[in-house]
Amino acid sequence: MNFTHPFLDEDGDKLREECGVFGAINASDAAAVTALGLHALQHRGQEAAGITSFDGAEFFTRRGLGHVAENFSSQEAIAELPGTMAAGHVRYSTTGGSGLRNVQPLYADLASGGFAVAHNGNISNAGMLREDLVRRGSIFQSTSDTEVIIHLVATSRYPTIMDRLIDALRLLEGAYALIVMTPEGMIACRDPMGIRPLQMGRIGDATVFASETVAFDVVGAQFVRQVEPGEVIKVDFDGNVDSLHPFGDHAPRPCIFEHVYFSRPDSVFDGRSIYEARKAIGAELAREKPVEADLVIPVPDSGVPAAIGYAQESGIPFELGIIRSHYVGRTFIQPSDGARHAGVKRKHNANRALVEGKRIVLIDDSIVRGTTSMQIVEMMRDAGATEVHFRVASPPTAHSCFYGVDTPERSKLLAARMDVEPMREFIKADSLAFVSIDGLYRAVGEKPRNSACPQFCDACFTGDYPTPLTDLGRRDDKQEQLAFPSEQVA
């Protein structure tokens, strides 16, 4: 949802979703429900949050930096957002893009009335579209690619707001899950390949949409179904629900990393429990990459379900050999370079009494830059582990994501620079192994990967991107022209 690469976590060594969305229509307390839903999606974006509501006559917006609870926990805050329809958004900031102007939902007054949009994903041709819109007179207020959608809708010549939105979406490449509010009601849609998730539920007469089903659990909604890839759903104020599939037939390619890491374990994605899928990945990893050891230890918290699966399949006892502190924030002051290198110990500490003298299997969901993995291996050795075997519940992350997930430049991905054995040497483990791509597919309930038509978006592992990457190609072309000016054709 932004042009520039966002920050990763404070160690720069964990992939993250950029954002989560929630919407409610025909709810007497729509803003309060939305705030609660966003709280359940906080893991998808922890640096800013926003809610826009509609009371039948006016739109109201409240946005702020920080967590949902910091901005929407008071009665006064919710009172600023009246109406029976509301949509909300949580996000991570980007380099040069952390100001309030980029906090969603974005809102504009169009000829047809107010228009608000909350977007999860990334438009991979937004730069090209933006340049064309600016040439034609559009004036942008943010650096977010989401604003491109608003301008495309505003300049469309179709008569109805639904047709104008569909007209705009036809021009987009990449990934999007959108919740749109207009004076006529709420529209929810996913890109034709369904790369980013979006779910539909009900609370009495109210219809709700969310990035993950866990939000429905928290607000007391009943899960109805997922918004299908390429589907556009409109809900009006009489409760009528209309579904369109205007983009033709496309083979779905939902993001497989939702199963690996992004979604909360208590969510359901594509009909499968995330928790059960992660346990199955761990079991698959144990079958593919066994090792003799005394304990299976997760890297908390994301490695826990896979470690349980690995332990159950291998028969090696599961133990919490690493204890995580839940009270470390991003604003922690680093008093010196030495303390900065000890950053991982602020969040994770070895359970020495358990680890000492043991051969251990460490389970984590992924390796990105490898620095955190190296520090955790070192921590285990310092705590007296005699052998440290590292097992990863995903294939090597060797490619950047351009669909709404923050990954570093490819040159900074450890798996893009090294094969497995040099990676093992880098993190200083006794052995290192990853689940295979086919094993991952099996674990999430699919047949082995169909290379001709993959069942998921797995580009971060395979480099097989399901859509064109127009802006990336244009950027590379410009860099090549700058690097080799003497070779330009006159």
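Val-296 stands opposite Val-361, a residue of strand β20. The model is predicted, with residues numbered from 1 along each chain as its sequence is written; local features need pLDDT of at least 70, side-chain atom pairs count only at pLDDT 80 or more, and totals for chains, interfaces and linings use all residues. Side-chain values rest on heavy atoms, with hydrogens and water left out. Helices (H or I, at least four residues) and strands (E, at least two) are DSSP runs numbered from the N terminus, and two strands are taken to pair if DSSP finds at least two bridges between them.

Strand β17 is joined to β20 (residues 359-364) by four bridges, and the two run parallel. The open sheet comprises four strands in the order β17-β20-β21-β23, with parallel pairing. Its edge strands, each pairing on one side only, are β17 (295-298) and β23 (431-434). Neighbouring strands of this sheet are turned by 20 degrees against each other on average, direction ignored. Axes are lines fitted to C-alpha atoms, for helices over the stretch in contact, and angles run from 0 to 180 degrees between N-to-C directions. Helix α9 (residues 274-288) lies across β20, β21 (387-392) and β23, at about 125 degrees to β23. Helix α16 (residues 420-427) lies across β21 and β23, and its angle to β23 is about 130 degrees. Contact here means heavy atoms within 4.5 Å.

Ser-373 is located in helix α14 (residues 371-382). With a relative accessibility of 2%, Ser-373 counts as buried, where buried means under 20% relative accessible area, exposed over 50%, and partly exposed in between (1.4 Å probe, protein chains only). Apart from its neighbours within four places in sequence, Ser-373 is in contact with Asp-13, Ile-367, Phe-390 and Ile-427.

A second open sheet has six strands in the order β6-β7-β8-β9-β13-β14, and its pairing is antiparallel. Strands β6 (106-110) and β14 (241-244) form the edges, each pairing on one side only. From one strand to the next, the twist averages 20 degrees. Within this sheet, β8 (residues 174-182) and β9 (residues 185-190) run antiparallel and are joined by six bridges. A hairpin connects β8 to β9 through two residues, and Thr-182 stands opposite Gly-185 in β9. On the side of β13 (residues 232-236), β9 pairs in the antiparallel sense over five bridges; Cys-189 has Val-232 in β13 as its bridge partner. Six of the six residues of β9 are buried, so this strand is largely enclosed by the rest of the structure.

Helix α5 (residues 146-155) lies across β6, β7 (113-123) and β8, running at about 15 degrees to β6. The helix is mostly covered, with eight of its 10 residues buried. These are Thr-146, Glu-147, Val-148, Ile-149, Ile-150, His-151, Leu-152 and Val-153. The packing partners of the buried α5 residues are β6, β7, α4 (126-135), α6 (161-169) and β8.

Asp-471 lies in helix α19 (residues 470-483) and is buried, at 18% relative accessible area. Leaving aside neighbours within four places in sequence, Asp-471 is in contact with Ile-123, Ser-124, Asn-125, Ala-126, Gly-127 and Met-128. A polar atom of the Asp-471 side chain lies 2.6 Å from the backbone nitrogen of Gly-127.

The whole structure contains 10 aromatic pairs. Rings of Phe, Tyr and Trp (its six-membered ring) pair if their centres lie within 6.5 Å; planes under 30 degrees apart count as stacked, over 60 as edge-to-face and the rest as tilted. The ring centres of Phe-59 and Tyr-107 are 5.2 Å apart with planes at 45 degrees, so the pair is tilted. Phe-59 lies in strand β4 (residues 59-65) and Tyr-107 in β6, so the pair ties together parts that are 48 residues apart in sequence. Phe-59 is buried, with a relative accessible area of 15%, whereas Tyr-107 counts as partly exposed at 34% relative accessibility. Phe-54, Phe-59, Tyr-107 and Phe-237 form one aromatic cluster. Elsewhere, Arg-130 lies over the face of Phe-140, at 4.2 Å from the ring centre; a charge sits over a ring if NZ of Lys or CZ of Arg is within 6 Å of the ring centre and within 35 degrees of the ring normal.

Methods
A polar contact is a pair of N or O atoms within 3.5 Å; within protein, one must be able to donate a hydrogen and the other to accept it, and residues adjacent in sequence count only if both atoms are side-chain atoms.
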